[in-house]
Amino acid sequence: MVVRTILRSNPLHLLRSLQSRLVVPNFIHSTTTMSSEIDQKFKLPARYAGSEKSVWVEYIQLALEHKPLNLGQGFPDYPPPRYVTDTLAEVANSDNCLIHQYTRGFGHPRLVAAIAKLYSKLIGREINPQTEVLTTLGAYEALFSSIIGHVDVGDEVIIIEPFFDCYEPMVKTAGGVPRFIPLRLKETKGKTLPTSADWVLDKQELEGLFNSKTKMIILNTPHNPLGKVFSREELEFIADLCKKWNVLCVSDEVYEWIVYKPNKHIRIATLPGMWERTITIGSAGKTFSVTGWKLGWAYGPANLMVNLQMVHQNCVYTGNTPIQETTAISFEKELTRLDSDECYFNSISEELVSKRDYMAKFLTDVGMQPTIPEGGYFMIADWSPLESQVNLNSEKDKYKDYRFTKWMTKNVGLQGIPPSAFYSVPHKPLAENFVRYCFFKKDENLQKAEEILNQWKSGKGKMAN
């Protein structure tokens, strides 16, 4: 009753009286100190330092905000083969209830059998499905298990640039030391346009990277983003260095079926003395055009694969059973027609070559200089002839390819990916004049991209600066 009276008569006096009896300042200081200590204790581990920024996170968000025609990300914008999705529906509705439960940790039995049968035929040796094949959550996890499973603290790993951007952080997470070597565009006198074959390694520079500390080299063929299909002579040079220095080759071959005539994909594991020191990585997402399924695999000799198995069983343990069953059935279908034009592994390149050539033409017509890829479904193009038409100063990024792609996304309505994201810091300037586009898109969307660029070039586009 007394308190109510005081509160009604002089609430400010009561508030000051109560404050004088509290130790609020010390509590606040204590909380601030504790918060700082917590922030310091739970900061990102040192092994991930420098890996915080992701071009995919940044550019997906950019696309959501500005809604451009997105030719940046590498996936088709039309359905995969009908039999693949029909098979998934059949598997999902199967009376076999166990198809929705855990399967064998190192790979669904039906799938590893199909993978072993396919690659035994392709590489000319019998692959044991139980000990020489591992299925993974995408080729991403196959790379992770290969690198974490074989790279120890201080081991050196040779990475060819440009590279899929997870290679470097994975090596660093394992405690390894990345050693970089870029593919460089050689002089192409007399050629209308360069091809991905014109991007080459300096043999002396590559040879100089190998030493007693070298544990691994990561090879990507067909290559992303250049589309380079390494020749037999190039692969033999790499193989000879691996054998000389006792180095493991991790061969990322997810685009193995997308190779344009007259080029041929050669699996480095088939070269003399290389099966014993090669882990080869594949992808259902690229093989059957179903990137959202996140299913990959690795195959190689049992003594190398056991390291991957140990990482896998202590990381994700097992994969998606219905997706693996569907992929196995799809492989079985294609195995019956492997040498036929009807085989999807053969028809996909025929399907994409016209899209590749169409994109090369409209990029050339607008003033860019594309590199014609021998494989894969990406195309890089030198955009620097158009620099005077782009307001690079409106963007604040350090590298010009980031500024160009962001400006084009916001002002022209067409999104590509900055290739410097696929280079080490010292070599990022090598990529500043290029942009990466994906041509595995509907014909109408490629036509729309051409229209967008032509309208921008003529000053009639979304925004001409």
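Colleague: Is Arg 184 buried or exposed, or partly exposed?
Modeller: Arg 184 is partly exposed, with a relative accessible area of 36%, where buried means under 20%, exposed over 50% and partly exposed in between (1.4 Å probe, protein chains only). This is a predicted model, in which local features need pLDDT of at least 70 and side-chain atom pairs count only at pLDDT 80 or more, while totals for chains, interfaces and linings use all residues. Residues are numbered from 1 along each chain as its sequence is written, and side-chain values use heavy atoms, leaving out hydrogens and water.

Colleague: Which residue does Arg 184 form a salt bridge with?
Modeller: Glu 205, with the closest N and O atoms 2.8 Å apart; a salt bridge here is a side-chain nitrogen of Lys or Arg within 4 Å of a carboxyl oxygen of Asp or Glu. The pair links distant parts of the chain, Glu 205 in helix α9 (residues 203-209) and Arg 184 in strand β5 (residues 184-185), 21 residues apart; helices (H or I, at least four residues) and strands (E, at least two) are DSSP runs, numbered from the N terminus.

Colleague: And Lys 261, what does that meet?
Modeller: The side chain of Lys 261 meets that of Glu 350 in a salt bridge of 3.5 Å, N to O. Lys 261 lies in the loop between β8 (248-252) and β9 (278-283) and Glu 350 in helix α14 (residues 344-366), so the pair ties together parts 89 residues apart in sequence. Lys 261 is exposed at 70%, whereas Glu 350 is partly exposed at 45%.

Colleague: How many salt bridges does the structure hold?
Modeller: The structure holds 21, and Lys 53, Glu 58, Asp 397 and Lys 406 are linked in a network of them.
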